[in-house]
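Subject: Structure for you to look at

Hello,

Here is the structure I said I would pass on. Please open it first, then read the notes below it.

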Amino acid sequence: MFKLLLIVACFVGLLLESSLAFGVSAGTIRVSSTISSSSSSSSSRQHGASFVSSSPRRRDVGVLFSSTAPPSEEDSETPEEEKLTLEKVAELIDTTFVNGCMQLAKGYVDVLKLLIVSIKSGYEMGVTPSDLIAKVEAVEDKAAGRALMAEEVRLRNAWIHVVYLVLSQADHETADDAVKEAIEDSVASAYAAKIPILKQRQDRAEEFRFDDLLDSDGSDPVETAIMTQSLRVIWLTLVVLEEEERCNTEFARQDAPMKPQIPGAFEE
């Protein structure tokens, strides 16, 4: 577990050294990272919206899970992990949203799935979406190195609500069922009927597609982009839940391919 956290920490730490550039065009949000080579730079707008941040601040994701230093070779005892608090969940959401967008632009979803798991932690704690968003807003050391722009905030908040919506429909365990009633009506009306469709496509081992699920007419590029990427987040949330089931239930062993025993391993 410790090695996994260190790997994630190193990976996200490297991503935080680069700058963010959010480019919104019809149907997609493009995110690219650029290395700043001078103290002053200019930003340009494309297709009506383009956002450029200052250098994101470094934050070690591993310390959000535990403040205990890794054990030395001489120390045979496993350090006790600190309890995951709402403040740490908020920091993790702030960090993984920034880096998840950067990674998504390159076709990777690893950090985006970590963002989903972080939001799921808030759901399991019984924290409402609005309270979770307020906690994320209160994070002082912003991963982006600046306050998010209005379009970026809309995207992040939409993702928090759609993850809650998927978890609610899946009847995922939470410390307070009131969170299921705290999802924004606009999010529920826009995505609730689409979740079973995406789940059915996953069960049929189909590839992710969304063209037939878009309600936007394309007149608002930002809204189209938010809906497109939110559908992707719904898809990945369903993937995360399935992977969790595979890891935590008998289904994992039943679904695994049969392999021959290691010779001599079970001989007396």
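Is Arg204 buried or exposed? Arg204 is exposed, at 54% relative accessibility. Here buried means under 20% relative accessible area, exposed means over 50%, and partly exposed is in between, with a 1.4 Å probe and protein chains only.

Some ground rules. This is a predicted model, in which local features need pLDDT of at least 70 and side-chain atom pairs count only at pLDDT 80 or more, while totals for chains, interfaces and linings use all residues. Residues are numbered from 1 along each chain as its sequence is written, and side-chain values use heavy atoms, with hydrogens and water left out.

The chain as a whole

The chain has 10 helices and three strands. These are DSSP runs numbered from the N terminus: H or I of at least four residues for helices, E of at least two for strands. Along the sequence the order is α-β-β-β-α-α-α-α-α-α-α-α-α.

Of the 268 residues in the chain, 44% are buried. The chain exposes about 15100 Å², and carbon and sulfur atoms supply 51% of that area. Accessible areas come from the Shrake-Rupley method with a 1.4 Å probe, and for residues only the protein chains shown count as cover.

A contact means heavy atoms within 4.5 Å. Among contacts in the chain with a separation of 6 or more, 73% are between residues 24 or more positions apart.

Helix H5

Helix H5 covers residues 129–137, and its buried residues are Pro129, Leu132, Ile133 and Val136. They lie on the same side of H5, because they cover an arc of only 100 degrees around the axis. The arc is taken from the directions from the helix axis to the C-beta atoms. As background, an α-helix has 3.6 residues a turn, so residues three or four places apart point the same way. What do the buried residues of H5 pack against? They pack against helix H3 (86–104), helix H4 (110–125) and helix H6 (150–169).

Salt bridges

The whole structure has 15 salt bridges. The term stands for a side-chain nitrogen of Lys or Arg within 4 Å of a carboxyl oxygen of Asp or Glu.

One of them joins Glu244 and Lys120, with the closest N and O atoms 2.7 Å apart. This pair links distant parts of the chain, since Glu244 is in helix H9 (residues 221–248) and Lys120 is in helix H4, 124 residues apart. Glu244 is partly exposed at 27% relative accessibility, whereas Lys120 is buried at 6%.

Arg204, from the opening question, forms a salt bridge with Glu206, and their closest N and O atoms are 3.9 Å apart. Glu206 is partly exposed at 26% relative accessibility. The side chain of Glu206 also meets that of Arg209 in a salt bridge, at 3.5 Å from N to O. Arg209 is partly exposed, with a relative accessible area of 41%. Through shared partners, salt bridges join Arg201, Arg204, Glu206, Arg209 and Asp212 into one network.

Aromatic rings

There are four aromatic pairs in the whole structure. Rings of Phe, Tyr and Trp (its six-membered ring) pair if their centres lie within 6.5 Å; planes under 30 degrees apart are stacked, over 60 edge-to-face, and the rest tilted.

The rings of Phe208 and Phe210 have centres 5.6 Å apart and planes at 35 degrees, so this pair is tilted. Phe208 is buried at 18% relative accessible area, and Phe210 is buried at 18%. The rings of Phe208 and Trp235 have centres 5.4 Å apart and planes at 55 degrees, so that pair is tilted too. Phe208 lies in the loop between helix H8 (194–203) and H9, and Trp235 in helix H9, so the pair ties together parts 27 residues apart in sequence. Trp235 is buried, with a relative accessible area of 11%. Ring pairs link Phe208, Phe210 and Trp235 into a cluster.

Cysteines

How many disulfides are there? The count is zero, where a disulfide is a pair of cysteine sulfur atoms within 2.5 Å. Cys101 is buried, with a relative accessible area of 3%, while Cys247 is exposed at 66%.

Regards
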